[in-house]
Amino acid sequence: MARMEEISEFLQKGRARNVKQLVEEALNEGTEPGVILNDGLLSGMAVIGEKFKNNEVFVPEVLIAARALNAGLDILRPKLAESGVTAKGVAVIGTVKGDLHDIGKNIVRIMLEGSGITPIDLGVDIPAEKFVDAALENNAQLICCSALLTTTMGEMRRVVEIVKERGLQDKIKVMVGGAPITQSFCDSIGADAYAPDAATAAEAAIRLLESL
Ligand code: B1M
């Protein structure tokens with residue numbers, strides 16, 4: 001257990017090399033990959049997520065912790081696949097059509113991955129149809145749309161409409177976020193969840209997956 005705490009601590013400090021080494025050592029000692037994932041890597045990322053939400057750490061610290069998370073995940077991924085540990089779900093994520101802002105979207109993606117969800121990152125300037133097509137192609141249960149411009153947030157309405165037009169609303173949930181987005185905008189377009197920040201987005205994503 002001390003080893004898991006060490007992994008969590010080093011991840012929070014963004015010490016990628018130490019995280020990688022400790023994950024290798026834990027595997028060599030026979031620790032289950034799922035335990036390393038949940039009690040080491042994801043528990044460390046959860047602490048960062050909570051601190052980010054409370055303004056105790058900022059974007060650079062999150063990105064550095066994410067690099068350490070990825071260093072550990074690189075070692076763990078093949079072992080997780082072998083041991084049958086499955087992700088909590090799959091989410092396609094992107095910034096909507098006409099919008100090139102991706103810093104916040106990238107942090108949300110990191111937090112989703114840090115919560116055990118597999119993110120499929122579509123990038124920026126993504127038309128509504130592409131979100132839905134990509135969700136179907138990747139068997140995703142969640143579509144995550146980010147927008148930073150008041151002029152582009154309308155594209156999110158179109159995503160929700162297409163999900164409904166194709167009768168997918170019981171299989172695919174839509175979450176929206178980004179600086180101009182509010183809960184009342186989310187309600188007005190009929191999206192399933194709004195989150196004001198990346199840590200809340202990861203919590204909301206888990207709740208949406210559990211609701212399916
Ligand atoms: Co732009 N820009 N920008 N910009 N830019 C804003 C958004 C703006 C508010 C600045 C201003 O005028 N004060 C303004 C929008 C005004 C409006 O629409 N009301 C603006 C504008 C006007 C523009 C251009 C039109 C400027 C121009 O060319 N005349 C242009 C548009 C280009 C385009 O997209 N088509 C433009 C361009 C750019 C840059 C390329 C220079 C750069 C983007 C670089 C990049 O992203 N790779 C840029 C930047 C950096 C900003 C500001 C300064 C910072 C945005 C940011 O990254 N914040 C921004 C001003 C501001 O917000 N203070 C501004 C940090 C990031 C961590 O926060 O993205 O909010 P944020 O994400 C948060 C939450 O919102 C939430 O979680 C994140 C982490 O907690 N969240 C989600 C985000 N997505 C979520 C999804 C979820 C849930 C939560 O669920 C799915």
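The model is predicted. Helix 7 spans residues 154-165, and its buried residues pack against strands and helices including strand 1 (89-96) and helix 8 (183-189). The cobalt atom of the ligand has His101 as its only protein donor.

**Helix 7**

- Helix 7 is made of 12 residues, and the distance from its first C-alpha to its last is 17 Å, close to the expected 16 Å at 1.5 Å a residue.
- Its buried residues are Glu155, Met156, Val159, Val160, Ile162 and Val163.
- These residues lie on the same side of helix 7, because they cover an arc of only 160 degrees around the axis.
- Just after helix 7 comes Gly167, with a positive phi of about 65 degrees.

**Cobalt site**

- The NE2 atom of His101 is 2.1 Å from the cobalt atom of the ligand.
- His101 is placed in the loop between strand 1 and helix 5 (103-114).

**Ile206**

- Helix 9, residues 198-211, contains Ile206.
- Ile206 has a relative accessibility of 17% and therefore counts as buried, the cut-off being under 20%.
- Leaving aside residues up to four places away in sequence, Ile206 touches Lys88, Ser115 and Ile117.
- Between Ile206 and Ala147 there are 21 Å in space, C-alpha to C-alpha, and the two are 59 residues apart in sequence.

- Asn55 is not a glycine, yet its phi is positive, at about 60 degrees.
- The loop between helix 3 (33-53) and helix 4 (59-82) holds Asn55.
- With 54% relative accessibility, Asn55 counts as exposed, for which the cut-off is over 50%.
- Asn139, also a residue other than glycine, has a positive phi near 50 degrees.
- Asn139 is found in the loop between helix 6 and strand 3.
- Asn139 counts as exposed because its relative accessibility is 61%.

**Aromatic rings**

- Lys13 lies over the face of Phe10, 5.8 Å from the ring centre.
- Across the whole structure, a search finds 0 aromatic pairs.

Terms used. Residues numbered from 1 in each chain as written. Predicted model: local features only at pLDDT ≥ 70, side-chain atom pairs only at ≥ 80, totals over all residues. Heavy atoms only, no water. Helix = DSSP H or I, 4+ residues; strand = E, 2+ residues; numbered from the N terminus. Expected span 1.5 Å × (residues − 1). Buried < 20%, exposed > 50% of the residue type's maximum accessible area, 1.4 Å probe, protein only. Arc of directions from axis to C-beta. Contact = heavy atoms within 4.5 Å. Phe/Tyr/Trp six-rings, centres within 6.5 Å; stacked < 30°, edge-to-face > 60°. Lys NZ or Arg CZ within 6 Å of the ring centre and 35° of its normal. Donors = N, O, S within 2.8 Å, 3.2 Å for Na, K, Ca; no water.
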